[in-house]
Amino acid sequence: MLSGRNVFLRGDAGTGKTEVINAFIETNPEGIVRLAPTGLAARNLKSGGMTIHRFLKMLERNQQVSPKRTRSYLEGVSHLIIEEISMVRSDLLAQLDRVLQFCLKRKAPFGGIPIVVVGDFYQLPPVVKTQKEYEFLIKNLHGIFAFDAPVWAKADFLNVELKTSHRQTDGEFLRLLRSVRLGTEDLDTLLPWLNSRVKKLFPHPEARHLCCYRSRAEYINQCFMERVLSPEHFFTGKCDGNYPEEDWPVPISLRVKMGMFVLLTANEAHGDYVNGDLGIVIAWEPDYICVNLLRGPCVMVARNTWLNYEYSIGITPSGDPRLNARIIGSFTQFPVLPAYAMTIHKAQGQTLDHVHLDLPPRPCFASGQLYTALSRVRTLEDLSLSRPILRSDIRISEDVRCFYDRIWNRLWRKPPPSQKRWCFPTEWT
């Protein structure tokens, strides 16, 4: 990556892709632009990042005001990093390429800026909300994935694969996960072993319920909250300026009960608690919530303020372009959420100590969804299932399989659209 090559950094879940990227970011935090398809993935990057959509809006806005300054800024960018590339749609990557070429007046892919894309296409795919969107992507870009965009082949990525799992060390469990990831022939013989973890009524008391749908996660959290028969209190947050409701990290009206299981969603300045800590609420006062962390100490959780920025390209006193971040909104609330359930999408990239996989009656709706959920834990013993996993739950995108086959065979010729066997999942509508 330091050499300036375009790099595709890939590997199974838990092989340390984000760790490698964060170490790379430390080599030049000011010169490396850090992007991701979602705000959650952007926040997980070293020194923070921004979504691709926000970066594009910034470039388009500044291009109208001062094209020369925009070009000067981009010429000083050493690298672009895109995390969670599997969730980036083909049209979004193509748009990023077009905007960078236009701003820099260069025909090279991404305007000649070295780009590093990171992720595993066998995990969660891009979100395609409607049938019309899907048909548009198939007709114009021949697919929904980032590698379907014409610029992918032109970028001539150096393909680097991390093969050592740091999350899982048990060889048999790794074999099971890789079989689910690839849909291998030995899957039928391994499924009974996996299904031995079915525990409908009594999962681990500290297990996070992973759900395919957000509505299901909200329902489970609500049910567990109702079972906590103890005093409750509502804390009212504050939103100032421009901070869209869909980006609020916690509810503006936060319901807290004594004894409830919670997730902390912010870092304390002195390191007493960090984003991702789990604990039990044992007391509260108007200015703090007392949480007994599962990992040990009891901490006083104060209100946290999240800021919403608008980015622009400015000039330093020495005349060099730089990225300016102007605060346009803020959101203040206790960084506390019910920790009983979350969606698989929100769990991507995380390591969880205990997971109860809450599967719907019908199969998982997206390719890679089941593999993403199963690979959050370190061992099979850390996992429980609400029902047996069926062969139909394991969905492998044929587009992804063909893409990795092309990497393996060093073939980049795109198959004709008529050979594409992946269909639009009607559940997404």
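This is a predicted model: local features need pLDDT of at least 70, side-chain atom pairs count only at pLDDT 80 or more; totals for chains, interfaces and linings use all residues.
**Helices α4 and α5**

Two packed helices are described by the angle between their axes and the distance between the axes. Helix α4 spans residues 67-75 and helix α5 spans residues 90-104. Their axes lie 8 Å apart, at an angle of about 110 degrees. An angle from 65 to 115 degrees counts as roughly perpendicular, and α4 is therefore roughly perpendicular to α5.

On the α4 side, the contact is made by Thr70, Arg71, Leu74 and Glu75. On the α5 side, Leu100, Cys103 and Leu104 take part. By type, the residues of this contact are four nonpolar, one polar and two charged.

Lys105 is in the loop between α5 and β5, a strand of residues 115-118. Phe110 is also found in the loop between α5 and β5. Lys105 is not a glycine, yet has a positive phi of about 60 degrees. Phe110, not a glycine either, has a positive phi of about 55 degrees.

Which of these residues is buried or exposed? Lys105 has a relative accessibility of 51% and so counts as exposed. Phe110 has a relative accessibility of 0% and so counts as buried. The charged end of Lys105 sits over the ring of Phe102, at 4.1 Å from the ring centre.

**Aromatic rings**

The whole structure holds 20 aromatic pairs. Two of them are listed here.

| Pair | Centre to centre | Angle between planes | Arrangement |
|---|---|---|---|
| Phe121 and Phe403 | 5.4 Å | 80 degrees | edge-to-face |
| Tyr122 and Tyr404 | 5.0 Å | 10 degrees | stacked |

Phe121 belongs to the loop between β5 and α6 (131-141), whereas Phe403 belongs to helix α13 (residues 398-409). The pair therefore ties together parts that are 282 residues apart in sequence. Both Phe121 and Phe403 are buried.

Tyr122 lies in the loop between β5 and α6, and Tyr404 lies in helix α13. This pair, too, ties together parts that are 282 residues apart in sequence. Tyr122 is buried, because its relative accessible area is 9% and the cut-off for buried is under 20%. Tyr404 is likewise buried, with a relative accessible area of 9%.

How values were computed
Residues are numbered from 1 along each chain as its sequence is written. Side-chain values use heavy atoms; hydrogens and water are left out. Axes are lines fitted to C-alpha atoms, for helices over the stretch in contact, and angles run from 0 to 180 degrees between N-to-C directions. Helices (H or I, at least four residues) and strands (E, at least two) are DSSP runs, numbered from the N terminus. Angles under 35 degrees count as roughly parallel, over 145 as roughly antiparallel, 65 to 115 as roughly perpendicular and the rest as oblique. Contact means heavy atoms within 4.5 Å. Ala, Val, Leu, Ile, Met, Phe, Trp, Tyr, Cys and Pro count as nonpolar, Asp, Glu, Lys and Arg as charged, and the others, Gly among them, as polar. Buried means under 20% relative accessible area, exposed over 50%, partly exposed in between (1.4 Å probe, protein chains only). Rings of Phe, Tyr and Trp (its six-membered ring) pair if their centres lie within 6.5 Å; planes under 30 degrees apart count as stacked, over 60 as edge-to-face and the rest as tilted. A charge sits over a ring if NZ of Lys or CZ of Arg is within 6 Å of the ring centre and within 35 degrees of the ring normal.
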